[in-house]
Amino acid sequence: MNLSNEISGNALMLETIFDHTHFMIAYLDKDFNFIGVNKAYAERSNKTPDFFVGKNHFDLYPHKGNEKIFKNVVKSGKPYFAYSMPLEHPELGITYWDWVIKPVKDDNEVTGILLSLTDVTDYKRNEDTISENQRDFLDKLVENRAQDLLSKQNEPENSILEIEDLNQQINELKKTNQEFKEIISKYEISESEESVGKQVNEILEKQVAAEELLNIKNLEAKKKDQKIAELEKTNDKFKEIISKYEDSKIENEKFIKNLIETHAKELETTENENISHLNEEIIDNVSDAVIRVDGKLRVKMWNDAAQNIYGWKEDEVIGKVVYNVFKSKESPIERLKVLEYLRTNEYLNSEFIHYSKEGSPIHIKSIIIAKRDNNSPSIEYILINRDISELKNSAELVAISNSEIENLNQKVIELEKSNDEFKEILLKYENSEKLFEKRVKEVLRKQKEAKELLGAKKLRVEELNQKIINLENTNEEFSIYISKLKDSVESQKDIYEKQLKKLTADLNRSNEELQQFAYVTSHDLQEPLRTIASFTQLLAKRYKNKIDEDSDEFMEYIVDASTRMQEMIKDLLQYSRVVSRGKVFKPTNTEEIIDYTTSSLKTLIEDNDAEITYDKLPKVNADSGQLLRLFQNLVENSIKFRQFAVQPKIHISCKEHGNEYVFSVADNGIGIEEEHFDRIFTIFQRLHTKEEYEGSGIGLPVAKRIVERHGGQIWVESEPYVGSTFYFTIPY
């Protein structure tokens, strides 16, 4: 084979390796447009490599943080490394990746970047699972110990007697008095020396049994501590696996660095020299074993990673059948199935168990690629093998650790339960021993001490009887005091009720007078204002441009002020009529009210192209005319304060809360600042000038008065340039 054919063959082999390697590679220009990606990168997104060519990375995957990192690599010319970076995948959830981003330079000018990604999700999750299980075990252990200590510290506290418990305390004192009498009668009976001896022997036997049980529990505790020590050793093994994985990440980083350096040299040498050199660098630095075998399965190439994984040097395996080198235990039929599969398929992705030179088993994730020559029937195979033994072992260790921790937790629970039972038994023995010692002393003291005790108990009984008498007297005094207090409260209650009725009547009369005054005042003011406006207009017509310019302007002011005063009086009259001319509440269909509202505002709605929608609304007990006016004011308000060049959209809904309905009218208008939320419900208060928006500021105050007449409340929630939502309640 001549040099050009060999270079061409090596380039094809290099392309094949990149297309089937386990890590993802993408080459981008300095504007982050894809120049090319390998199969692993494309298949991760369920795309083909051609799909990415010419497209911008951040058009496909917009992310401001990552874009800032990419720009910094181009600007600084320095590489970027990240380990175990979390990324959210739409189907796989949170995944973890090692990133390497290196600049590609031409004459010290960055012309593009090389992006390499390695999926480390399995390692990260195993590591997190191990740590989480250990934390759970330690947390449970500490929690159980803490609860045990707290249970010993918590002692019942004496409570203070209340008046309602006096009778119960008296009965308890009487019961105690009877128990004292029974104890005293027992002390008067003398026990024999033989009975005392038997009881002493029984106590000694129980003490021996308790000591033996205590020794057994101590032995179980030592076994538990030994098990914890074994778990700590397992934790050290996990740390060793994680350390090896960090070394593997450094090795991948070196490989990418060598790849970038090789690509930079490509721009300074001829194309054929670069392809040959690039092939050699990649094969020597890749962390996966790359093995080429001929059609008879004899080894033709064996890289450094293969030597590290299997322990065989290249000169020891060249020419040997690859299955003999792997010492694999597949049957000939299974091997023939693999070869038969590769006759009609480009590659095979599977897992095997191989053995190293020393005979140690190795879990291998293997990609076997069939390489055919179009000019001859010969065939070669390229094997890309990755050692996943640590991943398999860590998964098994996690499973074993979970099982052992669960078993140990169960044993700890059983041991603590057994310890609690033992403590109960021991406490009973201690109490029994103390009681027995007390009884022995009492027997030895015989009649004299019993009589002295009897005298003391009699004295105590007299004291208790006196205390009972005192408590009964106190109880009687409290009963008399409570009876007097009840009489006083009843008397004060009658006085307060009379005062409340009088105040309520005065308030109602005052409201009626105020409403009548407002109506009469506003009605009587109409005629004088009309007269002033009419005669001022006559003066303006007759003497316009005949006196001076100031006079004409003054008359315009008078006419305008009179007109505005008439409008304000009409609004005030309308405001007062909410109560004075309100109708009886009746069941009202709210949806029909909304239909009447949209019909009455039809011209306004069509002129502004407003869209009004509503959910299913309930029937309420209300004044139908005032409810119509309420919705008219709120809808008209939403249309009036619309955003420029935005179609007004208004939605009405209702929900039940407690014993009332909560209605809402939401719009997409100009919104309201929070500081004005209360001001807009005050009569004649405006947030805008008449030139900006028409109206006198009476709509929302009238709405509030209608809602309050129905026993509800009204409020607003709003955000400027987003919209407002008015809420009001009506009780069932």
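Helices, of at least four residues, and strands, of at least two, are taken as DSSP runs and numbered from the N terminus. On this basis the predicted model contains 19 helices and 17 strands. Of its 732 residues, 33% are buried. The accessible surface comes to about 46800 Å², and carbon and sulfur atoms contribute 51% of that area.

The largest nonpolar core has 36 residues, of which Leu627, Leu630, Phe631, Phe663, Phe726 and Phe728 touch the most other members. Two or more residues of this core come from each of helix 16 (590–600), strand 13 (619–622), helix 18 (624–640), strand 14 (649–657), strand 15 (660–667), helix 19 (699–709), strand 16 (714–719) and strand 17 (723–731). Helix 18 gives the most, with 6 residues. With neighbours within four places in sequence left aside, the contacts of Phe663 are Thr590, Leu617, Pro618, Val620, Phe631, Ser653, Cys654, Phe726, Tyr727, Phe728 and Ile730. Another core, of 26 residues, lies apart from the largest one and includes Trp302, Val322, Ile362 and Ala370.

Helix 16 has a buried side and an opposing exposed face. Thr590, Ile593, Ile594 and Thr597 are buried in this helix. These four residues lie on the same side of helix 16 because they cover an arc of only 100° around the axis. The exposed residues Tyr596 and Ser599 are carried on the face turned away from the buried side. Cover for the buried residues is provided by elements including strand 11 (586–589), strand 12 (611–614), strand 13, helix 18, strand 14 and strand 15.

Most residues other than glycine have a negative phi. Phe32, which is not a glycine, has a positive phi of about 70°. Phe32 is placed in the loop between strand 1 (24–29) and strand 2 (34–37). Its relative accessibility is 7%, so Phe32 counts as buried, the cut-off being under 20%. Asn108 is likewise not a glycine and has a positive phi of about 65°. This residue is found in the loop between strand 4 (93–106) and strand 5 (109–119). Asn108 counts as exposed because its relative accessibility is 75%, the cut-off for exposed residues being over 50%.

Key
Residues numbered from 1 in each chain as written. Predicted model: local features only at pLDDT ≥ 70, side-chain atom pairs only at ≥ 80, totals over all residues. Heavy atoms only, no water. Buried < 20%, exposed > 50% of the residue type's maximum accessible area, 1.4 Å probe, protein only. Areas by Shrake-Rupley, 256 points an atom, 1.4 Å probe, with all protein chains shown as cover. Core = buried A, V, L, I, M, F, W, Y, C linked by side-chain atoms within 4.5 Å. Contact = heavy atoms within 4.5 Å. Arc of directions from axis to C-beta.
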